[in-house]
Amino acid sequence: MRGLVVTMLFTAARSVRMARAFTAQGAAQRVAVTGSPLFQLPRTGSVRMMAAAAAEDVQAAVAAQGAVVRKLKEEDGLTNADQAVKDAVAELMRLKALAEAEPAPAAAAPAEQDLEAAIAAQGAVVRKLKEEDGLTNGDQAVKDAVAELVRLKALAAPPPAAKAPPAPPAKKKQKKKGSPPPAPAAAADGAPSAAQLKALDALAARVGKSDDALIDSFVGAMSAHLDSLQKVKGGAAPAKAAAPKSGKADAAPKTDKVVETEYQVPSMEEIINVCKRRGIIFQSSEVYGGFAGFFDYGPLGVELRANIKKAWWQSMVHRRDDVVGLDSSIISSPQVWKASGHIDGFSDPMVDCKESNLRYRADQLFWARAEVDGELLGYVSLMETDDMQELAEQAAEKLKRKAKMQGTLSVTEVKDFTEATPEEQKLIPSPATGEAGSLTAPREFNLMFQTNVGAQVDGSSVAYLRPETAQGIFTNFKNVVATGRVKVPFGIAQIGKAFRNEITPRNFIFRSREFEQMEIEYFIPPDEDCWKAFHEQWLTDSENFLLSIGLRPELISRDVHPDHKLAHYARACTDLMFKFPHGTQELQGVAARGNYDLTQHATVSGKSMEYFDEERKEKYVPHVIEPSIGVDRLMLAVLTSAYAEDEVGGEKRSLLRFHPRLAPIKAAVLPLVKNKPEIMDKANAIYKKLQKRYFVTFDTSGQIGRRYRRMDEVGTPFCITVDFDTLEDDTVTLRDRDSTEQRRVTVPELLEYLEDQIDS
Ligand code: GAP
């Protein structure tokens, strides 16, 4: 390996010498240098020079500049925010664009064509950053690439004879402890000055003297670029002997330093944006301006959703001995909904604002009475939030200021609109207009979507899209008992779509009109003393499931419904609450529903719903415990928990910390270089193998660090880098998304590890 390093360093040294040769040849054409601290090729005219120079030197220049960037960050401890790093990266990108635009090296094409090629290549860089890497104009890499594009374009425009082409604005160097000395200034004619040449020598010397890691990294970078050079030239890839044994150096860099940022619940806007940008969730009918309460799930969303359902089914059905599955139809006999009480009672109280024509759910519209020294000041209204009392007090303060009143302000406890007397309702201002008198009294609004079944469209053909999956379970109770070899206590689980014509679909996928439920009806004996233990057990099992898929424990809480708020047939109901971006709200309900539903279906259908208990030798209608959770609502909780930002190697990183069980993409296979057939073949073989088990991806575009970041952003927990060492010892680099830790594992170990992390 040492011998190899010497060979490569010889190449590096040669590139330094060539850079000097450029200087001698083209001094008259050069007018500016970049702020790159060590290895600086003259900017103006460099395209022409590159065309004339041996292409190896372009590649060597790229490699050397890469080493400069790494050195600044790794040795000097600078970050991407430091000007010296920005300059060095800008220079690296410029050199790369030139290298990519490089035509056959010997053909010294006219300068204009070279420039055009460079512009085209730089345009491709910009497009790639934005379209493939998902960066925006706000990202530094895009800004730098665009700046370079603009610069190249300016060069292409016919310059006024006496005017020098626009050089990048002089950048102010920040001198700070540990930072490199400012770049030596260019000579007046734009050629590298003596100081710059000295710096180049210093680079060569430093590379020669530095530690193994730097040498490895330098050699790795050079090898990769020389390989791609061969491709550009259409020649064969360098002989294997010339490839660095330490090819892993570039592929398997050390663990980056991760600085964790304290978790904060993201805003709904952040969640919506990340969902749209990463292809997770889109607004339904977006091209037509959207359709309130409906959503479409994109390529990653459909995977995440499927993984949530799979995890739930595994935990609640496959890994238990007392629960079986069911898939009942979405539309069923309207009798089902008559018996269940949905036709008569599945409604929400609705309030209209006559002025704005806006509609509110009365139980989500809150109000309070404000008094000054015990005298009525007025009423304030507000929508449901976590901090309503505080908001009501603030609104009352405003009211007092507006009325120019003196005295002590007091505000009653906030209540919902259904709790207001008819007189009070008239005095409560509409949230839309701020004026009283426009809100109607609450009216019941049935939430079921109606449809007609069959050719006849009249009252006799009316049917409903199911508003919950539960009733399909009750109506199949006897079928499952007769065929499923089940014994009370046992459960029937179902995952399926449900539809509710919500008055105010709100908060993204939290409350939508079409959603999916995961429900269990767990049938238990009717004894008075047993339901509490089953209820508590289901609460615990449900919480454990939520934790097992990575929800943050600090965001989960319980809300026990007070007795006076329970349905007449219910014995208890506890909601598992979650701190969503819009506040702490119900994620899952766990209700002890008695035997109301089975009894109702028995009465309306005339068919017995009794169960014969072999052990007790008695017949009874079982009671139920009902854990019920929405897939979409759980997905919002998963996204809220997973949303994270931290700092890696001094650079801000946004990532989705999905549990491996839920992550849409389980792993990414990344060949270090794409122009090395052996590496590509090996990577492809690993990819195909993993593809049989998991949804994995194969990514060859861009630098390895960039590819890691792309995977972090979509929450891929593992990256597998295939490099030169893989060819020799069948090991790959396995990189962990959260810690960025990298370690070498054999391919069989890799499969075992993934299985353990994803399937356990
Ligand atoms: N079978 C009982 C039942 O349907 P629910 O509280 O009306 O009870 C159960 O709904 C769960 O379904 C809720 O905890 C929530 O997770 C989800 N859910 C209900 N309505 C929803 C909606 N409009 N949008 C999204 N999820 C909803």
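This is a predicted model: local features need pLDDT of at least 70, side-chain atom pairs count only at pLDDT 80 or more; totals for chains, interfaces and linings use all residues.
Hi everyone. Before we look at anything, one definition: two axes that meet at an angle of 65 to 115 degrees count as roughly perpendicular.

Helix 10 covers residues 268-277, helix 20 covers residues 631-642, and their axes come within 11 Å and cross at roughly 100°. That angle falls between 65 and 115 degrees, and therefore helix 10 and helix 20 are roughly perpendicular to each other.

Which residues meet there? From helix 10 we have M268, I271 and C275, and from helix 20 we have L636, L639 and T640. By type, the residues of this contact divide into five nonpolar, one polar and no charged.

Now let's move over to the ligand. It is surrounded by 19 residues, and the closest are E468, R500, E502, E519 and E586.

Let me point out some individual contacts. The side chain of Q517 has an N or O atom 3.0 Å from an oxygen atom of the ligand. With F510, a polar backbone atom lies 3.3 Å from a nitrogen atom of the ligand. And at G630, a backbone N or O atom is 2.8 Å from a ligand oxygen atom. How much of the ligand does the protein bury? Taken alone, the ligand exposes 550 Å², and the protein buries 88% of that.

Definitions and conventions: Residues are numbered from 1 along each chain as its sequence is written. Side-chain values use heavy atoms; hydrogens and water are left out. A residue is near a molecule or strand if one of its heavy atoms lies within 4 Å of it. A polar contact is a pair of N or O atoms within 3.5 Å; within protein, one must be able to donate a hydrogen and the other to accept it, and residues adjacent in sequence count only if both atoms are side-chain atoms. Accessible areas come from the Shrake-Rupley method with a 1.4 Å probe; for residues, only the protein chains shown count as cover. Axes are lines fitted to C-alpha atoms, for helices over the stretch in contact, and angles run from 0 to 180 degrees between N-to-C directions. Helices (H or I, at least four residues) and strands (E, at least two) are DSSP runs, numbered from the N terminus. Angles under 35 degrees count as roughly parallel, over 145 as roughly antiparallel, 65 to 115 as roughly perpendicular and the rest as oblique. Contact means heavy atoms within 4.5 Å. Ala, Val, Leu, Ile, Met, Phe, Trp, Tyr, Cys and Pro count as nonpolar, Asp, Glu, Lys and Arg as charged, and the others, Gly among them, as polar.
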